[in-house]
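Here is a short report on the fold of one protein chain. Please look over the sequence and the model first.

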Amino acid sequence: MRITLPLGLLLLVSLLLSGCAGMMPGYEKPQVNITSFALAPESAAGQAPRFNIGIQVINPNRETLSLRGMSYSLEVEGNRVLSGATGDLPEVPSYGMADFVIEASPNLFGSIRLLSDLFARQRDTLGFSFKARIDAGGILPYINVEESGSFSLSEPGR
């Protein structure tokens with residue numbers, strides 16, 4: 001039986017991919033939690049404010065997790081209002097956790113669209129979505145995080 005070049009390449013790629021998957025049996029996706037959200041104290045007057053977002057990564061695996069980078073965004077009512085990226089992330093020890101703070105900048109046009117929408121329609125609650133993509137390096141898959149929910153604009157007890 002004669003194997004053609006394209007079919008041979010396809011078989012080789014398939015073998016390599018199945019080999020990589022077999023090198024990490026029992027790998028469990030790390031958990032990512034948002035622990036805090038605050039205006040950055042170093043935000044200068046007259047400049048766009050910056051926000052600090054506390055992140056906790058829990059590594060349920062036996063290998064140390066060397067995080068290479070992370071990109072993230074916060075949307076409110078479908079409008080991207082904050083975003084950022086960082087390559088300054090800690091290692092997460094095996095069966096351990098790491099806490100760190102990321103910084104996000106406001107998106108002017110997304111914020112204007114949100115304000116315009118709020119003035120056009122009265123609301124009691126706003127929906128939000130935080131999305132992040134963490135590069136775990138090497139052959140490890142990206143860690144995609146999405147937290148969503150809503151918060152109330154009305155006074156408590158009303």
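## Helix on sheet

Helix α2 (residues 108-120) lies across β4, β5 (79-86), β7 (96-106) and β8, and runs at about 155° to β5. Axes are lines fitted to C-alpha atoms, for helices over the stretch in contact, and angles run from 0 to 180 degrees between N-to-C directions. Contact means heavy atoms within 4.5 Å. Helices (H or I, at least four residues) and strands (E, at least two) are DSSP runs, numbered from the N terminus.

This is a predicted model: local features need pLDDT of at least 70, side-chain atom pairs count only at pLDDT 80 or more, and totals for chains, interfaces and linings use all residues. Residues are numbered from 1 along each chain as its sequence is written, and side-chain values use heavy atoms, without hydrogens and water.

The chain has two helices and nine strands. Their pattern along the sequence is α-β-β-β-β-β-β-β-α-β-β.

Seven strands form an open sheet with antiparallel pairing, in the order β1-β2-β7-β5-β4-β8-β9. Its edge strands, β1 and β9, each pair on one side only. The twist averages 25° from one strand to the next. Two strands pair if DSSP finds at least two bridges between them.

| Strand | Residues |
|---|---|
| β1 | residues 31-39 |
| β4 | residues 69-76 |
| β8 | residues 125-135 |
| β9 | residues 143-152 |

Strands β4 and β8 pair in the antiparallel sense over eight bridges. S71 has R133 in β8 as its bridge partner.
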